[in-house]
Amino acid sequence: MRGLRPWAALCAATVLALLTTALSSASPSSSAFPPGRPAFSTGPAEAALARLLPRHVSQFSLVAADRPASGDYFTVSGRAGRVRVQGTSPAVILSGVNWYLKYTAEVDIGWPGRSTARLPRTLPAPAGSVRKDASVPHRFALNDTDDGYSGAYRDWDAYEKQIDLLALHGVNEVFVQMGADAVYYETLKEFGYSGDELRSWIPGPAHQPWWLMQNMSGFGGPVSERLLKERAELGRRIADRLRQLGMTPVLPGYYGTVPPGFTERNPTGPVVPQGDWVGFRRPDWLDPRSEVFPRVAASFYRHQRRLFGDSTMYKMDLLHEGGRPGDVPVGDAARAVMNALQTARPGAVWTLIGWQNNPSTQIIDAVDKSRLLIVDGLSDRYDGLDREATWHGAPYAFGTIPNFGGHTTIGANTAVWAERFDRWRTEPGSSLAGIAYLPEGTGGNPVAYELFTELAWQSDPLDQRAWFAQYAERRYGGYDPHAARAWELLRAGPYSTPSGTWSESQDSLFTARPRLTATNAASWSPGAMRYDPSTVHRALAELLKVAPALRTTDAYRFDLVDVARQALANRSRTLLPQIKAAYDAGDLGRFRERAAEWKSDLALLDRLLATDPRFLLGPWLEDAKSWGRTEAERATAEFDARSILTTWGHRSGSDAGGLRDYANREWSGLVSDFYAMRWTTYLDSLDTALVTGRPPVAIDWFALENAWNHERDPYPVRASGDPVAMATAVLRALPAPADGAVHPVGRPAGPGRP
């Protein structure tokens, strides 16, 4: 059963975890070991390296180092075929291996895409000895929404790969929500709820992130007791692996979420109704000042320790996105929440997200700021930010959300990162203590992930243009002038979007609910292009000229499909206004010509996406079904997985709440059978209106979309077709771009690396 540890073995596993937690999940600025001897075994790093580089693992010598007061560091030295990497944790050692791969071997292990097939049989010698020190102690990853938008039904193999890639890129703190439902389930059974009541209250796995944030409940369920147990087993396995690598599993904390009817069952526990969240009824909030709150929190942390072991960091956000304090003073509530945490886990850090008006200074000022870490989701989005003043000196991590809803669009404010992070970090009195990589969905935009995580290992401002030039060389395992030009175009276009309004690029109108006036697919996405679209078009043309030897790499194939997809998606923003102009003019011939092009582009897009497994709908749905043991369970899981991508929720949340297409993405199968289905229905209705002279027939979009959510048709799980041929077809289908200068980029000089 996906190789998971049996439920009964959790008790035995707890013993081992309790022995290792104090050692391997210690805060990044401390060491549980006496000076003078290595603090850990390199075995977990060696095992990860064997998974990542099975043909070359024997050529690395991994050495443990004590963590000094100054923080984490790694060194790289050695000779050809014998590379020595020393670091202050297993994960830091892997970061050193990655530095060697990038800046000596000149290959890339991206998320996703890799060029390690280009490694020579004997690894090249490092150019002398290199030491890199972490510039910040906290290197945090994963948004609260990651499980929902990256795949709530993944198995251990997928999470193991994710953890390896996080460690390889220097991350040392990872949010883990898998299995939190089991903690709530076991806790609340002690406060008057039946198992059936709780399993109906807990949402399906794809929607659980927003339940944990106290936004909604119930949708996509009910969950089975077996599912709760298996998710807890997987969550424990994830947390244990992080500890083994010297990384901190950041676990959900308890701050008061309860099901309906809590006070009736517990008279000393008054609740504050939280109202609605974009069309969903929010769970009630148990008054943290109440007599019963400390008992619920103590039970929560007790069950969490039994199921997952301890941590030193706990994530929770009071009154997230419009929560109501009622008559509860927010400062008093914060003190009670912190007291419950410190009683259960003395010295633990309360982690909060910097988002909208969160966290309130009423929270910050009520508790010991040294026990807070704010992971800022807006560092690169707005101008004029002063985090020290706004958050009264509380420690925070410079963060970014370059992706909302798991959109497949490319781009990020990387020039803002390169300039702003170092400036904020080095300002007198700076409270900046980390980085926080917070896309709502992971597994795309590999260049953004790589650049952002590297900030934490730079002692000086990062030269964005030079960095992209070096990335272009290693991404495909060798220098190519066309790859260099392609990545310079991408740097200057989608990866140099400015701060001020957005942190992600625009989404695709092909994925929008059909309307002639559409400017975005997701309600809260940019309504216009954020960069010159010709940069992507010309980058595609350059990538198609890359030397055949480099085209064999996995990284090249992924990037080619991704850039071709983006070029075609950008075309939707010029084509839709042409369709509207023809319709408004009553020009049937012109309308049909442009509508046919729209439909043809959708069909071409689906064929392009089918050539790469990372752009397939099939694996997403098969993962969901794999967790079911009965046909009813498989159908429930599949609906949960489908609906998060389309309607998101019920009619109220989808329509009035605006959540429809929030998680839009261009995947083969989703494009052909959902987005194309909608647009064909719509365009055909407009065609009939032009022919008959009558208004278009009204379409119940939610009914149409939700019918697809309930379908059970299978989709391919393996790629088909030739990505180069399909990308070439895309280039030929696109109108020629406006003239634009291509800035020549020479090969980066010698072995000198940042």
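Predicted model: local features only at pLDDT ≥ 70, side-chain atom pairs only at ≥ 80, totals over all residues.
**Exercise 1.** Locate S685 and state which residues it touches, not counting residues up to four places away in sequence.

*Solution.* Step 1. Helix α26, which covers residues 670-692, contains S685.

Step 1. S685 counts as buried because its relative accessibility is 13%.

Step 2. With residues up to four places away not counted, S685 touches P696 and I699; contact means heavy atoms within 4.5 Å.

**Exercise 2.** Describe the surroundings of T42.

*Solution.* Step 1. T42 belongs to the loop between α1 (10-24) and α2 (43-52).

Step 1. Its relative accessibility is 14%, and T42 therefore counts as buried.

Step 2. The side chains of T42 and E46 are joined by a polar contact of 2.9 Å. Such a contact is a pair of N or O atoms within 3.5 Å; within protein, one must be able to donate a hydrogen and the other to accept it, and residues adjacent in sequence count only if both atoms are side-chain atoms.

Step 3. Apart from neighbours within four places in sequence, T42 is in contact with L62, V63, A64 and I93.

**Exercise 3.** Is D327 buried or exposed?

*Solution.* Step 1. D327 sits in the loop between β13 (313-315) and α12 (330-344).

Step 1. D327 counts as exposed because its relative accessibility is 65%.

Step 2. The C-alpha atoms of D327 and A663 are separated by 36 Å, and these residues are 336 apart along the chain.

**Exercise 4.** Examine the backbone at P112, P222, E106 and N445.

*Solution.* Step 1. The peptide bond from W111 to P112 is cis, with omega near 5°, and P112 is in the loop between α3 (90-103) and β4 (130-133).

Step 1. G221 and P222 are also joined by a cis peptide bond, with omega about 0°; P222 is in the loop between α8 (208-212) and α9 (225-244).

Step 2. E106, a residue other than glycine, has a positive phi near 55°. E106 is in the loop between α3 and β4, and its relative accessibility of 18% is why it counts as buried.

Step 3. N445 likewise has a positive phi, near 55°. N445 is in the loop between β17 (432-437) and α16 (446-454); with a relative accessible area of 8%, N445 is buried.

**Exercise 5.** How many helices and strands are there in the protein chain?

*Solution.* Step 1. The protein chain has 28 helices and 17 strands.

Step 1. Of its 754 residues, 63% are buried.

Step 2. The C-alpha atoms fill a box of roughly 75 × 70 × 50 Å along the principal axes.

Methods. Residues numbered from 1 in each chain as written. Heavy atoms only, no water. Helix = DSSP H or I, 4+ residues; strand = E, 2+ residues; numbered from the N terminus. Buried < 20%, exposed > 50% of the residue type's maximum accessible area, 1.4 Å probe, protein only.
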